[in-house]
Amino acid sequence: MIRIPQLAAVAAAAVAVVVAAGAALTPSAEAQQARNQIRAAGSSTVYPFTTAVAEQFARGGQFRAPIVESIGTGAGIRAFCQGVGVAHPDVANASRRMSASEFNTCRQNGVTEIVELQIGFDGIVIAVKKGTPPINLTRQQIWRGLAREVPVNGQLVRNPHTHWNQIDPSLPNIAIEVMGPPPTSGTRDSFVELVMQEGCKDVAEVRAVTDARRRNEVCSAMREDGRFIEAGENDNLIVQRLVAGQSGVMGIFGYSFLDQNRDRLEAIRIDGVEDSFENIASGRYPVSRAMFVYVKKAHIGVVPGLREFLVEYASERAIGDRGYLTSRGLVPMVREDRTRWRQQIEALQLLSLGS
Amino acid sequence: MTPEAIRRLKRRYAAERRFKAYGIAAMTFAAAALLLLLVTVVGNGYTAFWQTQLRIEVFFDPDAIAPAGTTDRRRLMGADYRTVLLDAVSARFPEVRDRDGLRQLEGLVGSGAEVQLRDMVVADPGLIGQRRQVWLLAHSDIDMLIKGQTRLGDGARVTERQAGWLTALARGGDVDQFFNTRFFTGADSRDPELVGILGGVVGTTFTLLICLLLAFPLGVMAAVYLEEYAPKNRLTDIIEVNINNLAAVPSIVFGLLGLSVFINFFGMPRSAPLVGGSVLALMSLPTIIIAARAALRAVPPSIREGALGVGASKMQMIGHHVLPLAMPGILTGTIIAMAHALGETAPLLMIGMVAFITDIPTDPLSASTVLPVQIFMWADHPERGFVEKTSAGIIVLLVFMLVMNASAVWLRRKFERRW
């Protein structure tokens with residue numbers, strides 16, 4: 001049997017140690033303590049790229065690898081904007097540009113000097129299993145195939161389409177079955193914004209809806225009768241289900257996942273445009289979003305290596321046409337844009353948004 | 001017996017058999033599901049424990065690294081190993097001279113091999129200026145091809161030309177698979193050939209230790225007070241209801257609590273196992289209290305009366321008799337709570353433990369992540385090499401859980417007492 005008083009004494013001692021460790025880190029003590037490691041937080045879309053730069057940056061042996069948190073663009077910028085000081089992240093990763101209201105929050109909390117870097121683009125593709133006959137969809141056709149309500153004979157009704165050729169006789173006779181991310185995902189937000197809302201713009205019946213909120217709902221709501229399948233946050237899951245499924249089933253995910261699986265999958269053309277680097281970087285491919293990294297200028301010189309990290313991120317060997325991020329699925333900007341951003345970084349030019 | 005009675009009896013027997021069959025069916029289903037899970041995970045993951053390597057002669061060029069005799073660590077770390085590596089590979093295939101061909105040659109060995117060369121030189125600067133046959137880590141794409149997880153052909157990541165070079169290397173016995181020690185000794189990386197799980201294992205160990213040290217004594221003391229001392233009144237009723245409710249609170253809420261209390265108010269560091277363990281302790285407390293109270297209640301009152309009857313004080317009665325008898329039940333509740341805490345990722349998101357960390361944590365205050373988070377993040381990477389690594393990570397997590405539970409069961413056996 002155990003001797004409880006002894007056990008209790010050991011346990012009490014352990015608790016005391018833990019509490020003491022906690023107490024030793026009172027705010028004043030911790031906040032003053034210098035940090036020798038960069039901290040970044042934000043989008044899970046930018047995460048694979050920032051981590052790759054972080055690791056490459058640490059290989060030089062001069063600095064420790066930055067810690068990169070994957071908590072989403074909104075949460076990342078919120079943490080970034082909480083204040084200046086080592087308790088807050090130095091870098092925010094964002095799969096969209098910082099909004100004016102976020103910028104104002106930042107300023108109110110004393111984060112007045114922010115350096116912005118666009119790292120490139122992330123394309124969103126609609127992919128099918130290899131060997132499927134080539135398909136070309138316009139955004140309006142995609143909207144008509146996937147929206148919850150579509151116009152039939154001048155009336156908005158529950159989406160009755162079961163095959164693509166019902167939308168347009170020129171399309172192949174393939175059942176509509178599309179797997180995509182759930183509403184909690186940033187990829188879904190971008191897809192709705194760039195494809196669905198654009199696709200419904202020129203539909204007369206939708207334009208006839210006067211109530212703006214109702215019109216927005218008609219444009220963005222995805223059908224819920226099993227033809228659009230929410231396949232989970234994880235893009236790899238969609239890839240695996242596409243590979244295992246029948247041909248003609250489509251999947252919506254980020255470009256880097258297609259890039260890794262070109263032996264099994266291929267993308268369909270959207271508005272007649274192929275998903276090539278040139279088309280995404282020039283903006284001709286309609287479904288792509290820019291990715292950004294934000295750095296606190298006040299931390300440069302305080303957190304060792306922050307400036308070097310930023311320079312590494314903007315360098316040609318990272319985000320250039322043959323950079324190591326490009327081989328990981330980043331779609332690079334065109335050369336002139338890269339040069340322009342690099343100059344801004346070197347000059348530590350400050351971001352200004354809105355008022 | 002009347003025919004009516006015989007029929008009734010038959011029906012009752014039939015019902016009995018059906019009832020038993022339902023039970024067997026339920027058990028078979030559960031066993032099959034578990035088997036399916038294990039077979040898939042092990043089937044997908046066991047290949048990650050081996051790794052393809054290529055034997056290539058490397059010249060440790062003093063011009064690229066550092067003059068012979070240099071021992072300055074920083075200089076050795078920051079040297080240009082990429083050039084050394086590319087020179088070695090193109091020396092092996094001197095006939096390749098075109099730009100595109102050189103790029104493809106580069107693709108045989110990834111940044112894994114670069115790190116490997118760096119580590120060799122840092123460990124032994126005497127290598128500078130020498131030629132050595134080195135087994136270099138193949139690029140993950142090559143590894144996947146050799147393991148049969150990707151195919152050649154249109155759109156493949158390995159070109160026909162690269163496959164031809166691989167065949168040439170293999171003919172000379174220069175392609176082989178080795179046990180992947182790095183997987184068990186390293187931390188996270190963005191290159192599938194370099195990743196390791198040890199960072200996650202150590203982080204999980206620290207986090208769960210903190211969690212156990214906080215939740216177990218607090219939970220047991222709370223249960224002892226509520227069962228043995230507290231008067232039965234409205235206040236204790238409210239406390240009891242609240243503890244039960246707390247057990248059902250979604251775990252992300254504890255993460256938010258941890259963020260505002262431990263990090264923002266107490267100023268503890270982000271991503272630290274100390275904070276993670278504290279948050280998980282808050283989450284485990286209700287489970288432990290409920291289990292401990294049930295175990296204390298199951299101790300027969302005669303034991304308490306007997307102890308008091310021979311003159312023991314109340315504290316002696318609890319310490320010497322009631323708690324030891326209740327200990328197996330308390331430990332069972334603790335095992336359940338710990339196993340639950342082991343699998344949590346949601347509460348750790350807000351406190352910064354869902355992060356990319358390439359160092360193995362050394363203490364409960366250094367930045368770290370935990371096993372389930374590590375698995376979750378690998379599952380999200382686009383690179384094909386991470387598919388097998390994800391499953392391998394799950395195998396490690398399952399083994400960790402088995403070891404933890406086995407030791408708890410052993411402890412329980414040891415303290416078990418029958419009368």
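Predicted model: local features only at pLDDT ≥ 70, side-chain atom pairs only at ≥ 80, totals over all residues.

Student: Where in chain A is R264(A) found, and which residues is it in contact with once its neighbours within four places in sequence are left aside?

Tutor: R264(A) belongs to the loop between α11 and β11 (265–267) of chain A. The C-alpha atom of V152(A), 112 residues apart from it along the chain, is separated from that of R264(A) by 37 Å. With the neighbours within four places in sequence set aside, the contacts of R264(A) are K129(A), K130(A) and V243(A).

Student: How many of the residues of strand β13 of chain A are buried, and how many bridges join strand β4 of chain A to it?

Tutor: Strand β13 (residues 288–296) of chain A is mostly covered, with 8 of its 9 residues buried. Strand β3 (residues 91–94) of chain A runs antiparallel to β13(A) and is joined to it by 4 bridges, and there A92(A) stands opposite Y294(A). Strand β4 (residues 114–129) of chain A is also antiparallel to β13(A), and Q118(A) has F292(A) as its bridge partner. The number of bridges that join β4(A) to β13(A) is 9.

Student: Are the faces of strand β1 of chain A covered or uncovered, and in which sense, parallel or antiparallel, does β1(A) pair with β2(A)?

Tutor: In strand β1 (residues 39–42) of chain A, R39(A) and A41(A) lie on one side and A40(A) and G42(A) on the other, and as all of them are buried, both faces are covered. A41(A) has E69(A) in β2(A) as its bridge partner. Over 4 bridges, the sense in which β1(A) and β2(A) pair is parallel.

Student: Which strand of chain B is joined to β2(A)?

Tutor: The pairing here crosses from one chain to the other, with 2 bridges and an antiparallel run. V68(A) stands opposite F356(B). The strand of chain B that is joined to β2(A) is β4 (residues 355–356).

Student: How many residues of chain A are in contact with chain B, and which element gives the most to that side?

Tutor: There are 43 residues of chain A in contact with 45 residues of chain B. Elements that give two or more residues to the side of chain A that touches chain B are α1 (4–24), α2 (27–32), α3 (47–59), β2 (67–70) and α11 (255–260) of chain A. The residues of that side divide into 23 nonpolar, 13 polar and 7 charged. With 9 residues, the element that gives the most is α1(A).

Student: In what order do the 3 strands of the open sheet of chain B stand, and which helix lies across β1 and β2 of chain B?

Tutor: The pairing in this open sheet is antiparallel, and the order of its 3 strands is β2-β1-β3 (chain B). Its edge strands, each of which pairs on one side only, are β2 (131–137) and β3 (175–179) of chain B. Strand β1 (residues 50–59) of chain B pairs with β2(B) over 7 bridges, where L54(B) has L136(B) as its bridge partner. The helix that lies across β1 and β2 of chain B, at about 135° to β2(B), is α5 (residues 111–123).

Student: What span should helix α17 of chain B have, and how far apart are its end C-alpha atoms?

Tutor: Helix α17 (residues 385–415) of chain B has buried residues, among them F386(B), I394(B) and L397(B), and its buried residues pack against α1 (3–45), α6 (140–146), α8 (181–185), α9 (198–229) and α16 (371–379) of chain B. At 1.5 Å a residue, its 31 residues should span 45 Å, which agrees with the distance between its end C-alpha atoms, 46 Å.

Student: What radius of gyration does chain B have?

Tutor: Chain B holds 17 helices and 4 strands, and its C-alpha atoms fill a box of roughly 90 × 70 × 35 Å along the principal axes. Buried residues make up 42% of its 419 residues. A compact globule of 419 residues would have a radius of gyration near 22 Å, but that of chain B is 30 Å.

Notes
Residues numbered from 1 in each chain as written. Chains lettered and ligands numbered in written order. Expected span 1.5 Å × (residues − 1). Buried ≥ 20, exposed ≤ 12 C-beta atoms within 10 Å, placed from the backbone. Contact = placed C-beta atoms within 7 Å. Nonpolar A, V, L, I, M, F, W, Y, C, P; charged D, E, K, R; others polar. Pairing = 2+ DSSP bridges. Axes fitted to C-alpha atoms, helices over the stretch in contact; angles between N-to-C directions. Rg over C-alpha atoms; globule rule 2.2 N^0.38 Å.
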